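Subject: Structure handover

Hello,

Please find the structure below, as promised. My notes on it follow.

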Amino acid sequence: MIDAPSSAWFTVHPDWHWLVVTYFFFGGLAGGCYVLAAVIDLLGRERDRPLARVGYLSVLPCLAISGVALIFDLSRPDRFWHLLVEVHTWRPLFQLWTPLNAGAWVLLAFSFFALLSSLAAAAEAGWLRWRAPLRLRSPGVAGAAIAVIGALLGLYVASYEGALLAFTSRPIWSETPFIGPLLVLTALSMAAAYLLLFGLWRRWELPGMRVLQRIDAQALGVALLVLVALVVSLGGSARALLSPINLLLLAALLVVGFIAPLALRMRGRGVAVAAVLVLVGGFLMRTLIVFSPYGASA
Amino acid sequence: MAEPVGFFTDTTVCIGCKACEVACKQWNQLPATEGGQNTLSGDSYDNTRKLDGTHWRHVQFIEQFTEDRSDGRWLMMSDVCKHCVQAGCLEVCPTNAIIRTEFDTVVIQSDVCNGCKACIAACPFGVIDINPVSNTAQKCTLCYDRLQNGLEPACSKACPTDSIQFGSVKELRERAATRVQQLHDGGEKRAYLYGADEKMLGGLNSFFLLVDRPEVYKLPPDPKLPSSNVPMSALVSGLGALVAAAIALVNFRNRTKEP
């Protein structure tokens with residue numbers, strides 16, 4: 001450690017591994033899906049409503065997977081509720097300056113709005129006999145308000161992991177502010193890719209499908225710029241990215257997650273392949289972010 | 001609140017006997033072996049390797065020798081939780097499991113901790129880890145139970161050379177300054193105090209007298225509070241979220257204008 005580039009290199013890893021990667025991946029997908037569904041609902045064409053419906057209906061399953069991963073990553077999963085309740089007084093615990101506590105509350109609130117929108121989507125799809133939930137989706141003031149609040153919570157869920165990782169002393173995580181934007185931008189591209197794949201599977205020919213391709217490509221393009229800024233901002237600690245595993249992950253991410261899908265989008269070919277690559281790239285990105293501090297050994 | 005207390009560890013008189021490690025384990029009923037097995041590290045006399053959930057004291061052995069070992073010196077240091085005045089672990093704990101005691105020390109309440117591991121990543125010194133017996137984060141408590149009963153911590157009580165000294169932080173700092181002066185007068189000009197003043201995380205209640213750079217002792221030269229990273233990170237994350245929202249909004253807004 002004598003030639004360590006920063007004091008962060010003297011810290012130890014919290015053993016956040018695949019469950020945290022899973023948590024970030026499905027949390028990001030949930031946030032991205034809700035944002036896109038809400039935007040389609042509020043600004044899109046009537047014909048694109050099925051896309052929004054799939055988006056809304058996908059949020060709760062993603063949040064469920066994400067939540068289970070988060071709980072089982074705890075060393076004491078039986079005490080997950082300690083994140084929300086003060087153990088000695090049984091009062092709600094608001095330590096909102098800590099991203100984990102704030103994140104737990106926001107996840108709860110987001111799940112509530114996702115439930116409302118899912119009920120509306122399910123009613124619209126004819127899965128429910130109960131018609132009242134239709135009012136929970138736009139057009140209509142209540143539906144619009146739910147969409148806007150839910151989308152804001154979704155953006156928070158997709159991006160707050162950046163602050164969560166920054167609120168540590170670990171190399172890379174604590175040394176750059178660009179992890180959050182990278183996560184939220186790739187969350188948007190992943191969600192667009194996921195909705196596209198669903199639409200292609202159902203052989204939908206909706207105008208929104210082309211828009212999703214544009215969104216996916218633009219979000220990826222900006223994310224690539226953010227990734228470059230992230231590496232530059234690390235200064236001497238970028239050395240941690242040169243470990244064999246990190247180099248391999250970074251190379252795979254650049255090729256699979258950025259260059260190949262962007263090239264396919266630019267040529268207007270391989271829509272489904274590009275979408276799959278975007279999802280794989282999103283997972284690789286989160287894997288690299290979570291595991292990268294392991295490369296920090298002087 | 002009682003007077004803040006802590007440790008002053010004078011590494012120049014440490015003889016590497018590990019009595020502190022043994023006393024700590026005995027008093028705190030920590031397992032002596034890893035899974036029932038004794039393993040050798042091959043790193044000098046250091047088989048403890050690091051501070052973690054079951055090793056709350058760690059005696060480091062640093063061999064500084066020439067290649068033919070004809071000349072050189074040993075550095076030995078009993079490392080421990082620093083009980084920072086501005087403690088990174090305490091500020092990140094989402095469950096209120098980590099508290100500051102009436103002695104100004106930092107203690108993890110094992111019955112509250114749910115093992116989220118945020119404190120492990122937050123500690124600038126890499127002190128905390130999960131105790132595999134309780135599955136909660138644990139570290140030195142500065143023998144909170146002994147302090148409450150008017151006893152000094154087990155490690156300093158057991159130290160045969162007074163390398164580890166326990167007392168009020170104010171008094172320890174005065175004693176440490178005198179010791180540094182004594183070493184300087186005796187020709188050991190490299191002696192200095194690590195963490196004794198408020199510049200480092202508001203002051204470390206466990207501070208050290210060192211005779212080489214902090215990095216040599218695996219100590220960070222410039223530890224920072226995790227919260228210092230958050231405002232910039234939150235701002236940039238917010239901007240990222242705005243850009244993501246703008247991409248979605250602009251594309252679907254254009255969509256409505258298309259025929």
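How many bridges join strand E2 (residues 57-65) of chain B to strand E3 (residues 72-80) of chain B? Nine, and the two strands run antiparallel. Before going further, please keep in mind that this is a predicted model.

**The E2-E3 hairpin of chain B**

Within this pairing, B:Phe61 has B:Met76 in E3(B) as its bridge partner. The hairpin of E2(B) and E3(B) has six residues between the strands. In this hairpin B:Arg69 takes a positive phi near 60°.

**The four-stranded sheet of chain B**

Chain B also has an open sheet of four strands, in the order E8-E1-E10-E9, with mixed pairing. Its edge strands are E8 (164-168) and E9 (192-194) of chain B, each of which pairs on one side only. From one strand to the next the twist averages 25°.

Strand E1 (residues 5-10) of chain B pairs with E8(B) in the antiparallel sense, over five bridges. One of the positions in this pairing is B:Val5, whose bridge partner in E8(B) is B:Ser168.

Helix H6 (residues 169-185) of chain B lies across E1, E8, E9 and strand E10 (206-210) of chain B. The helix H6 of chain B runs at about 135° to E8(B).

**Domains of chain B**

Chain B is divided into domain 1 (5-223) and domain 2 (225-259). The C-alpha centres of domain 1 of chain B and domain 2 of chain B are 44 Å apart.

The axes of helix H1 (residues 18-43) of chain A and helix H2 (residues 49-73) of chain A come within 7 Å and cross at roughly 160°. Angles over 145 degrees count as roughly antiparallel, so H1(A) is roughly antiparallel to H2(A). The crossing of H1(A) past H2(A) is left-handed. By class, the contact of H1(A) with H2(A) has 21 nonpolar, five polar and three charged residues.

Helix H1(A) also packs against helix H3 (residues 99-124) of chain A, at an angle of about 45° and with the axes 12 Å apart. That angle makes H1(A) oblique to H3(A). H1(A) passes H3(A) in a left-handed crossing. On the H1(A) side the residues are A:Tyr23, A:Ala30, A:Gly31 and A:Tyr34. They meet A:Leu107, A:Phe110, A:Phe113, A:Ala114 and A:Ser117 in H3(A). The contact of H1(A) with H3(A) has seven nonpolar, two polar and no charged residues.

**Backbone points to check**

Most residues other than glycine have a negative phi, and most peptide bonds are trans. The following entries are listed against that background.

- A cis peptide bond joins A:Ser138 and A:Pro139, with omega at about 0°. A:Pro139 is in the loop between H3 and helix H4 (141-159) of chain A.
- B:Lys18, which is not a glycine, has a positive phi of about 65°. B:Lys18 sits in the loop between E1 and helix H1 (19-28) of chain B.
- B:Asp162 has a phi near 60°, again a positive value in a residue other than glycine. B:Asp162 is located in the loop between helix H5 (154-158) and E8 of chain B.

Regards

Methods: Residues are numbered from 1 along each chain as its sequence is written. Chains are lettered from A and ligands numbered from 1 in the order in which they are written. This is a predicted model: local features need pLDDT of at least 70, side-chain atom pairs count only at pLDDT 80 or more; totals for chains, interfaces and linings use all residues. Side-chain values use heavy atoms; hydrogens and water are left out. Two strands pair if DSSP finds at least two bridges between them. Axes are lines fitted to C-alpha atoms, for helices over the stretch in contact, and angles run from 0 to 180 degrees between N-to-C directions. Contact means heavy atoms within 4.5 Å. Angles under 35 degrees count as roughly parallel, over 145 as roughly antiparallel, 65 to 115 as roughly perpendicular and the rest as oblique. A crossing is left-handed if the near helix is turned anticlockwise from the far one by less than a right angle, and right-handed if clockwise. Ala, Val, Leu, Ile, Met, Phe, Trp, Tyr, Cys and Pro count as nonpolar, Asp, Glu, Lys and Arg as charged, and the others, Gly among them, as polar. Domain bounds come from an automatic or database domain assignment.
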